[in-house]
Amino acid sequence: MYVILWEFIVRPEKTGAFVAAYKSDGAWAELFARADGYIGTELLRAADSNQGATFVTVDRWKTAEDFARFQEHFGAEYQRLD
């Protein structure tokens, strides 16, 4: 299994939109699910501070090559969503 972790600090007023996009059935997961080898995404809320909420996303792929192929085929859509 190939796992990618991302950490985000999200301003309080953006938390709802962030969670909607990055949750396990959000826009990111929908894009990833179009590729072979995608296993799933998990969104974890790590902490809150004065700067905002800290989240970690866990993206799981069968192999690193599956993620590389995803980037080759869906790179433009990935960049737009980002």
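Q: Fine. What volume does the largest pocket have?
A: About 170 Å³. Keep in mind that this is a predicted model.

Q: How many residues line the largest pocket, and which lie nearest its centre?
A: The lining has 13 residues, and Trp6, Phe8, Tyr22, Trp28 and Tyr78 lie nearest the centre.

Q: And by class, what is in that lining?
A: Nine residues of the lining are nonpolar, two are polar and two are charged.

Q: Which elements give two or more residues to the lining of the largest pocket?
A: Strands S1 and S3, plus helices H2 (27–32) and H3.

Q: Let's back up to the fold. How many helices and strands are there?
A: The protein has three helices and three strands. Along the sequence they follow the pattern β-α-α-β-β-α.

Q: What box do the C-alpha atoms fill?
A: Roughly 40 × 25 × 15 Å, taken along the principal axes.

Q: What share of the residues is buried?
A: Buried residues are 35% of the 82 in the protein.

Q: Now the sheet. In what order do the strands come?
A: The order is S1-S3-S2, in an open sheet with antiparallel pairing.

Q: Why is one side of S1 and of S2 left without a neighbour?
A: S1 (2–10) and S2 (38–49) are at the edges of the sheet, and each has a single partner strand, so one side of each has no neighbour there. On average, neighbouring strands of this sheet are turned by 15° against each other, direction ignored.

Q: How many bridges join S1 to S3?
A: Nine, with S3 covering residues 52–61. Within that pairing, Phe8 has Phe55 as its bridge partner, and Leu5 stands opposite Val58.

Q: Over how many bridges do S2 and S3 pair?
A: Ten, again in the antiparallel sense. The two strands form a hairpin with two residues between them. Arg45 stands opposite Phe55 of S3.

Q: Why is S3 called largely enclosed?
A: Eight of its ten residues are buried, so the rest of the structure largely encloses S3. The cut-off for buried is under 20% relative accessible area.

Q: Which strands does H1 lie across?
A: Helix H1 (residues 15–22) lies across S1, S2 and S3, and runs at about 160° to S2.

Q: And which does H3 lie across?
A: H3 (residues 64–81) lies across S1 and S3, at about 45° to S1.

Q: Switching to Val19. Where is it?
A: Val19 is in helix H1.

Q: Which residues does Val19 touch?
A: Leu43 and Phe55, leaving aside residues up to four places away in sequence.

Q: Why does Val19 count as partly exposed?
A: Its relative accessibility is 28%, so Val19 falls in the partly exposed class. That class lies between the buried limit, under 20%, and the exposed limit, over 50%.

Q: What separates the C-alpha atoms of Val19 and Tyr38?
A: 20 Å, with the two residues 19 apart along the chain.

Q: Last one, on contacts between residues at least 6 apart in sequence: what share joins residues at least 24 apart?
A: That share is 59% in this protein.

Note on methods
Residues are numbered from 1 along each chain as its sequence is written. This is a predicted model: local features need pLDDT of at least 70, side-chain atom pairs count only at pLDDT 80 or more; totals for chains, interfaces and linings use all residues. Side-chain values use heavy atoms; hydrogens and water are left out. Two strands pair if DSSP finds at least two bridges between them. Helices (H or I, at least four residues) and strands (E, at least two) are DSSP runs, numbered from the N terminus. Axes are lines fitted to C-alpha atoms, for helices over the stretch in contact, and angles run from 0 to 180 degrees between N-to-C directions. Contact means heavy atoms within 4.5 Å. On a 1 Å grid over the protein atoms alone, a cavity is a set of points where a 1.4 Å probe fits but cannot get out, and a pocket is an open set with protein on both sides within 12 Å along at least five of seven lines; lining residues have an atom within 4 Å of a point. Grid points are joined across faces, edges and corners, and a volume is the space filled by probe spheres set on the points. Ala, Val, Leu, Ile, Met, Phe, Trp, Tyr, Cys and Pro count as nonpolar, Asp, Glu, Lys and Arg as charged, and the others, Gly among them, as polar. Buried means under 20% relative accessible area, exposed over 50%, partly exposed in between (1.4 Å probe, protein chains only).
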